[in-house]
Amino acid sequence: MRHGKVVTFGEVMMRLSTPGFARLTQAGSFDVVYAGAEANVAVSLAHLGVPAEHVTRFPENDLGAAAVRALRGHGVATERIVFGGERMGLYFLENGAAHRAARIVYDRAGSAFAHIAPGMVDWDGALAGAAWLHWTGITPAISQGAADVCLEALQAARRRGVTVSGDINYRRNLWQYGKTAREVMPALIQLTDAIVAGTGDLENCVGITGATYEEACQRAMEAYPNVRKVASTEREVISSSHNAISGVMWNGERLLRSKEYDLIPIVDRIGAGDAFMAGLIYGWMAGKDDQGALDFATAACAFKHAVEGDANLAAPAEIEALVRGENVGRLLR
């Protein structure tokens, strides 16, 4: 295993989900989880045995304290979290079932993280002893300050020789502060070594298109020479309870594909992409080749669909067993 911690940066929200499969309009109570795309990666890596630290900004109140405890409870270091602002972002989840789609309602405007600004985080300190830094396209979409701090983090990582990964994650509805993804994302991708991106992400964030996924990825690598790997998941949705998932990667030489996993019934698909990202990071840090990392990441993504909450609470042996097709659905005792 490659030595050094993985540092992740991004907003953590309070997830409020309806019990079971109740609709939001039926809810008399909510189940609470603290989560965010980048924090999900940190939690997943911690459960895989990789030292992980998350950097974010919380309000200095009981909710911020509870979120810190939640991260620490999963083994994620929190020493570089900064405090300030007035509120924590929320999101409300209604689980889908059969042919009724899942729904998310966000309440995150004006959050403590949205008001983060350059200089608030000591990035040289946060990245001391780090082997890897991970970000997503959600962060620079939240606010100008969040975009500026994300760039600050990536610049510090490049100075220190830290590997950088980014899940491009284009979210159209988040870009509301006067900048477009195409104005902000290129400078961040230029400082990134490996990205997770579909063809839609590449088109919306950097204007790159291609007749095939392979062609779009190759054009991205030519435009952004630091990018050496591009990966993504391919999902077939049969219903809210039944999906099929596989992984794909362009490594600059050839297009790699994983096997496909049939997912039925789905317990919770939120965070599946973060599980995929964590699997890639783990695979590469463990010395796997690109096909091995892709196979592990796709299995991690598939496993996450059977885990409640946003993060993949899986041990390496469980994922490796799924890669080999062992212990699938068995009672282990």
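1. Basis. This is a predicted model, with local features needing pLDDT of at least 70, side-chain atom pairs counted only at pLDDT 80 or more, and totals for chains, interfaces and linings using all residues. Residues are numbered from 1 along each chain as its sequence is written, and side-chain values use heavy atoms, leaving out hydrogens and water.

2. Helix packing. Helix 10 (residues 290-304) packs on helix 11 (residues 316-324) at about 105°, and their axes lie 9 Å apart. Helix 10 is therefore roughly perpendicular to helix 11 (65 to 115 degrees). Axes are lines fitted to C-alpha atoms over the stretch in contact, with angles from 0 to 180 degrees between N-to-C directions. Helices (H or I, at least four residues) and strands (E, at least two) are DSSP runs, numbered from the N terminus.

3. Helix contact. Ala, Val, Leu, Ile, Met, Phe, Trp, Tyr, Cys and Pro count as nonpolar, Asp, Glu, Lys and Arg as charged, and the others, Gly among them, as polar.

4. Pocket lining. Helix 1 (37-47), strand 7 (90-94), strand 8 (103-107), strand 12 (229-239) and helix 9 (272-285) each give at least two residues to the lining of the largest pocket. That lining has 17 nonpolar, eight polar and twelve charged residues.

5. Aromatic pair. Phe-9 and Phe-113 form a tilted aromatic pair, 5.4 Å centre to centre with 50° between the planes. Phe-9 is in strand 1 (residues 5-9) and Phe-113 in the loop between strand 8 and helix 3 (123-126), so the pair ties together parts 104 residues apart in sequence. Rings of Phe, Tyr and Trp (its six-membered ring) pair if their centres lie within 6.5 Å; planes under 30 degrees apart are stacked, over 60 edge-to-face, the rest tilted.

6. Backbone. The Ile-264 to Pro-265 peptide bond is cis, with omega near -5°. Ala-98 has phi near 50°, a positive value in a residue other than glycine.

Technical notes: Angles under 35 degrees count as roughly parallel, over 145 as roughly antiparallel, 65 to 115 as roughly perpendicular and the rest as oblique.
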